[in-house]
Amino acid sequence: MSNLTVATGDLDVETLRRDFPILERTVASDRPLIYLDNGASTQHPRVVIDAMSDCYSRYYANVHRGIHTLSEESTRAFEEAREAVAAFIGAAHSHEVIFTAGTTAAINTVARAWGDWQVTAGDTILLTIAEHHANIVPWQQLAQRTGCQVIFLPLTDDGRIDDAVVAEHLDRHRPKLFAFTAVSNVLGTEFPVKRWASLAHDFGATVLVDAAQAAPHQSLDVLDWNAEFVVFSGHKVCGPTGIGVLYGQESILEAMPPFLGGGAMIRTVTTEGFVPNELPMKFEAGTPPFVEAIGLAAAVKYIGQVGLEKIHRHEKQLAGIALDRLATIPGMRIFGPAAEHRGGIVSFVIEGAHPHDLSQWLDRRGIAVRAGHHCAMPLHQHFGVAASCRASFYLYNSAAEVETLCGAVGDFHRRFVSGSRRNRDSV
Ligand SMILES: Cc1ncc(COP(=O)(O)O)c(C=O)c1O
């Protein structure tokens, strides 16, 4: 058993859980909810729900438009939210934080605004095979528009990528862009963002980091990473849906043409044309998700107060427990690296069982996990499976919950896999 299973007591999970009203509910005939689908969306502490409800009930009005009290108050709260997010990711300027609808919208914005501007036929975009579809399809669409090529970095058997392989691909293909996930949403692998960004720059590539699975779980420092673009979603950091962040370094955002056109993103419009607004509004056409931004600010302040280092250590411990316990189940195949190289995500399959059947069985015991391809079909194809079962942990999950998950997976195996095999053999 790895020593990661020894709890350090860094997080007071029982107390933290009281901040999340949804965790009080029961499911599946009055069983306590064990929510292990945090890689998809995390739950909300009361402070986030209250911050949004306070805006709706006291000072809701469209931002940047009205010269009246409510609009001034909502505009102030919206811009304060931008400052809170900038502080959360360590950005030098709050105008480098562009609010989008989520990670997907942020990557599509870069693919359109930067890609259509910078990429031409014969250019290359370098990705890893571990990307979420959100960081694959926009580049394939760019390839359809421009004739550029999309190249994928392969993985080791344990779901990692050697720096030497990255360097070799950068050298061979000289990509215009290296876009990669900081943490795989299936394998949990934590990739070395700062090292890869620096390597990419040595070969003249621009860098986009998909931080959707990093921002909720580890302290982000975009200045230290030094990537031109960093993106993440609100709904995975205890915030609301419908909001995400496109961080871009000032110089590239200044130079890049806007993508969506409409209100707010312009300084002037005439019948002849338009002059774009300054940052960040240049990239925020139309009414922005300002209530969601206020909720997001409350969320990042909350997880910042809990402590990202503590959250990260806690999740690694939970992943360590899951890896140890699940590995004892016959026919178990766990994807991804050892606990020291992964965050709180564990995806697996059991030989002879469909992940959907297993997750349905777990649901009847009150345990929410995800089954499917997790928007990472190329990664599943790489490992030769169509789907997997994914348990993903967060700050409010306890070691006892992970033990319950592993016990239930073991029961499933005894009952439906080895049991049915015994029955077959005895026929
Ligand atoms: C690594 C990664 N990238 C991108 C996304 C897409 O995020 P969204 O659906 O919030 O746009 C996800 C969501 O699961 C993800 O895990």
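Helices (H or I, at least four residues) and strands (E, at least two) are DSSP runs, numbered from the N terminus.

This is a predicted model: local features need pLDDT of at least 70, side-chain atom pairs count only at pLDDT 80 or more, and totals for chains, interfaces and linings use all residues. Numbering starts from 1 along each chain as its sequence is written.

## The buried side of α5

Helix α5 spans residues 137-146, and P138, W139 and L142 in this helix are buried (20 or more other C-beta atoms within 10 Å of the residue's own). They lie on the same side of α5 because they cover an arc of only 95° around the axis, taken from the directions from the helix axis to the C-beta atoms. After α5 comes G147, with a positive phi near 90°.

## The sheet

Seven strands make up an open sheet of mixed pairing, in the order β4-β10-β9-β8-β7-β5-β6; two strands pair if DSSP finds at least two bridges between them. At the edges are β4 (97-100) and β6, each pairing on one side only.

Strands β9 (residues 229-233) and β10 (residues 244-248) run antiparallel and are joined by five bridges. F232 has V245 in β10 as its bridge partner.

Notes. Buried ≥ 20, exposed ≤ 12 C-beta atoms within 10 Å, placed from the backbone.
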